[in-house]
Amino acid sequence: MFKVEEDIYYAGVNDHSIDLFEGMYKVPDGVSYNSYVIKDEKIAVLDTVDAAFGDEWLKNVREILGDRQPDYLVIHHMEPDHSSNILNFLKIYPNVQVVGNSKTFVMIKEYFGFDVKNTCLVGEGSIIKLGRHSLRFIMAPLVHWPEVMVSYEELSGAVFSADAFGRFGALDVDMPWDDEARRYYIGIVGKYGPQVQQLLKKLGQLNVKKICPLHGPVLEEDLAHYISLYDTWSAYRPEKEAVLVAYASIYGHTKAVAEMLADILVKAGKQVIVRDLARSDRAQCVAEAFMCSKLVLASVTYNAEIFPCMREFIDCLTERNFRARTVGLIENGTWAPISAKLMRERLSGCKDLNILSQTVKIRAAFGEENAAELEALANELLK
């Protein structure tokens, strides 16, 4: 609990008990569930927290409110880690108006089985005046759920951005923003780049001085850096001229070829990341594929298919609109190497991919006949 700005307070909680965010993403440093309170002539509480932390959150809210009663409970996003304590809040503060858009109230009924009686329906451009402070609402559908909205507090210049600009990691863990925000964005929001671009255009018309997301820290210094990264990610542009070499190997032969390629590229001055897809964090690998300008996929053929962890990795890329990259392929198969053909087919729906025609075909282990193929692939990647 701390002050974000004059009359604006943080009321959220840290979760260090969670192992998988959304049942899928590893979060060794936990996560925060953020909630905010604006105290003015009228009081607005912005979002609730995960069900397991309701008591802690309500204690924080009570400490901020003192003997005052809140007027509004604003629900920017209906994902349960932000909305699960609506009913608990209404039991304590039954006269509060719940602020949401039309989709918000449908989802409250679907998730929690009750109708909100005291509603305040808002849409694009709606304004709630609290006194000196006011909240202007901006609809942000599919960033990353259809009911999502953000609000702009006009006096402080604070944007309450729902899950946009969120980051993995609890607030009591000191960590750089970029890496865990990238992993969060690409994994959770990445499919919806065009919708994020629309939100960024709307925010670009405002005098934004702080960004208050529902996960991760309040952003207030060097906002241009964070907004620039969001623009890059949502436009599917590479962040850096680099190569991710991602491999799936059984007995180490495919791994050896992947590392040989990486060594050639590094010696030529290229920045390279090498990942074993069977052992590396999947979300990190996906984020790195979007970060880099070039990608090499090296896979054994397994049961006349792509090795499972490689197949799943490619599916994660295509689900998130992977595009506008150069891709090289390495395949291995003792008697029937076809993984390059299958990987190419799996990537065929991606836009603006330059899948290099030069492949490296290994039969069991690297042989002298593969040296020229590997050199040619490296030369293509160095262009």
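This is a predicted model: local features need pLDDT of at least 70, side-chain atom pairs count only at pLDDT 80 or more; totals for chains, interfaces and linings use all residues.
## Two crossing helices

Helix α6 covers residues 193-203, and helix α7 covers residues 223-234. They pack at an angle of about 145°. Their axes lie 8 Å apart.

Which residues of α6 and α7 make the contact? From α6 come G193, P194, V196, Q197 and L200. From α7 come I227, Y230, D231 and S234. Sorted by class, the contact has 5 nonpolar, 3 polar and 1 charged residues.

## The open sheet

Now follow the strands. An open sheet holds 7 of them, in the order β1-β2-β7-β8-β9-β10-β11. The pairing is mixed. Strands of a sheet pair through backbone hydrogen bonds, either parallel or antiparallel. What stands at the edges of the sheet? Strands β1 (2-5) and β11 (119-121) do. Each has a single partner strand, so one side of each has no neighbour in the sheet. From one strand to the next, the twist averages 25°.

Take one pair as an example. Strands β7 (residues 36-39) and β8 (residues 43-46) run antiparallel and are joined by 4 bridges. Y36 has L46 in β8 as its bridge partner.

## Helices on the sheet

Helix α1 (residues 54-65) packs on the sheet. It touches β2 (8-10), β7 and β8. The direction of α1 makes about 15° with that of β7.

Helix α4 (residues 102-112) packs on the sheet too. Its contacts are with β10 (97-100) and β11. The direction of α4 makes about 115° with that of β10.

## The largest pocket

Rolling a probe the size of a water molecule over the atoms shows where empty space is left. The largest pocket has a volume of about 350 Å³. It is lined by 17 residues. Closest to its centre are I250, T301, G333, T334 and W335.

Two elements give two or more residues to this lining: α8 (253-267) and β19 (292-302). The largest share, 3 residues, is from β19. By class, the lining has 9 nonpolar, 8 polar and no charged residues.

## The second largest pocket

The second largest pocket has a volume of about 180 Å³. Its lining is made of D179, E180, R182, R183, D281, Q284, A287, E288 and M291. Helices α5 (177-189) and α9 (282-291) each give two or more of these residues.

How does this lining divide by class? There are 2 nonpolar, 1 polar and 6 charged residues.

Conventions:
Residues are numbered from 1 along each chain as its sequence is written. Side-chain values use heavy atoms; hydrogens and water are left out. Axes are lines fitted to C-alpha atoms, for helices over the stretch in contact, and angles run from 0 to 180 degrees between N-to-C directions. Contact means heavy atoms within 4.5 Å. Ala, Val, Leu, Ile, Met, Phe, Trp, Tyr, Cys and Pro count as nonpolar, Asp, Glu, Lys and Arg as charged, and the others, Gly among them, as polar. Two strands pair if DSSP finds at least two bridges between them. On a 1 Å grid over the protein atoms alone, a cavity is a set of points where a 1.4 Å probe fits but cannot get out, and a pocket is an open set with protein on both sides within 12 Å along at least five of seven lines; lining residues have an atom within 4 Å of a point. Grid points are joined across faces, edges and corners, and a volume is the space filled by probe spheres set on the points.
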